[in-house]
Amino acid sequence: MRSITVLSGGIGGARFLQGLLHALDTGRLPGVERDAVVTVVTNTADDLWVHGLKVCPDLDTVMYTLGDGIDPERGWGRREETWSVREELAAYGVEPTWFGLGDRDVATHLVRTQMLEAGYPLSAVTTALCRRWLEPVHGDRVRLLPMTDDRVETHVAVADPDSPSGTRVVHFQEYWIRMRAEVPAETVVCVGLDQSSPAPGVVEALTDADLVLVPPSNPVVSIGTVLGVPGVREALRATAAPVVGLSPIVGGQHVRGMARQLLTSIGVEVSAAGVGLHYGARSQGGLLDGWLVDSGDADAVPALEAAGLRAAAVPLMMTSPGATADMAAAALDLVAP
């Protein structure tokens, strides 16, 4: 194997990618060349415009993480960040005050916005940004692709007794950051998703891959949005590569984020089996060949296998690059001949 494609959200996907690259570096993936190319197809439905700047949270989190510029404690934003711009904007009373742009991070958004306004598509802008972050560390071994060049934004409907309809719709980032996902999500709406097209290279990254991995990112607003781009599901079903996913649900709860709230909003059981069955087996018209669950969810394996999925229970907590490398190796073992 010389080509691996990963569908990714932000923090969870980025940490999985760290482990995957560690597994390649240490030879933990039998049958996979150590210099195999890893292509990352990243969610862009979390993107938003803030203070006139185009912000791509998941793209930046993956880019900074793999480029060794991420704040390791927060898992997002730049290391050794300062916040003078945010403080000055707050002093002017400029909204939104709940979304903070770090001083170092602002430079990335300024470059991206200038290039977009000059007519470059997001995929070309991302390639340009990665010349600083990924090429010095990984050479041409890692490619970062946005899922689409088109504008797609995830919005969440929540109850609002003061609204005539009884419902208010907020951008996903507001739901996550300002509201802390503490109120139930009634509906998730991805504006523009149905009319979007895969970014250049996305379909080929799936159809030409030797292995496709779906890390433990949010099934609704990370992986779900990538799969919602017209043509992506079809490419995933058509690829000759095995497709393996890893459960983001451990012991009936998400490890990080808000998968529980959002799975509930689309009627999917919040369990390792529930998410695996939601993606479904390719042999039954779904998307996956294999599905890994945590060791504590081993009782889910029979139901998954009965639904046509190869399944196994292994430790799925990404406590270190080594532990995550073991997860990647287990994913490969699951579909090995």
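Predicted model: local features only at pLDDT ≥ 70, side-chain atom pairs only at ≥ 80, totals over all residues.
Okay, rings first. Searching the whole structure turns up 4 aromatic pairs. One of them is Trp76 with Trp83: the ring centres are 6.5 Å apart and the planes sit at 65°, so we call that pair edge-to-face. Trp83 is buried, at 18% relative accessibility, while Trp76 is partly exposed at 37%. Then there's Trp98 with Phe99, with centres 5.9 Å apart and planes at 85°, so that pair is edge-to-face too. Phe99 is buried, with a relative accessible area of 9%.

What sits over its ring? The charged end of Arg74 does, 4.4 Å from the ring centre. Arg78 lies over the face of Tyr64, at 5.6 Å from the centre of that ring.

Now, salt bridges. Side chains of opposite charge can pair when their charged atoms come close. The count here is 10 salt bridges. Take Arg141 and Asp25, with the closest N and O atoms 2.8 Å apart. Arg141 is in the loop between α6 and β5, Asp25 is in helix α1, and they're 116 residues apart. Arg141 is buried at 14%; Asp25 is partly exposed at 43%.

Arg28 and Asp326 also meet in a salt bridge, 2.8 Å from N to O. Arg28 is in the loop between α1 and β2 and Asp326 is in helix α14, so this pair ties together parts 298 residues apart in sequence.

Last one: Arg151 and Glu153 form a salt bridge at 2.8 Å, N to O. Arg151 is exposed at 53%, but Glu153 is buried at 11%.

Definitions and conventions: Residues numbered from 1 in each chain as written. Heavy atoms only, no water. Phe/Tyr/Trp six-rings, centres within 6.5 Å; stacked < 30°, edge-to-face > 60°. Buried < 20%, exposed > 50% of the residue type's maximum accessible area, 1.4 Å probe, protein only. Lys NZ or Arg CZ within 6 Å of the ring centre and 35° of its normal. Salt bridge = Lys/Arg side-chain N within 4 Å of Asp/Glu carboxyl O. Helix = DSSP H or I, 4+ residues; strand = E, 2+ residues; numbered from the N terminus.
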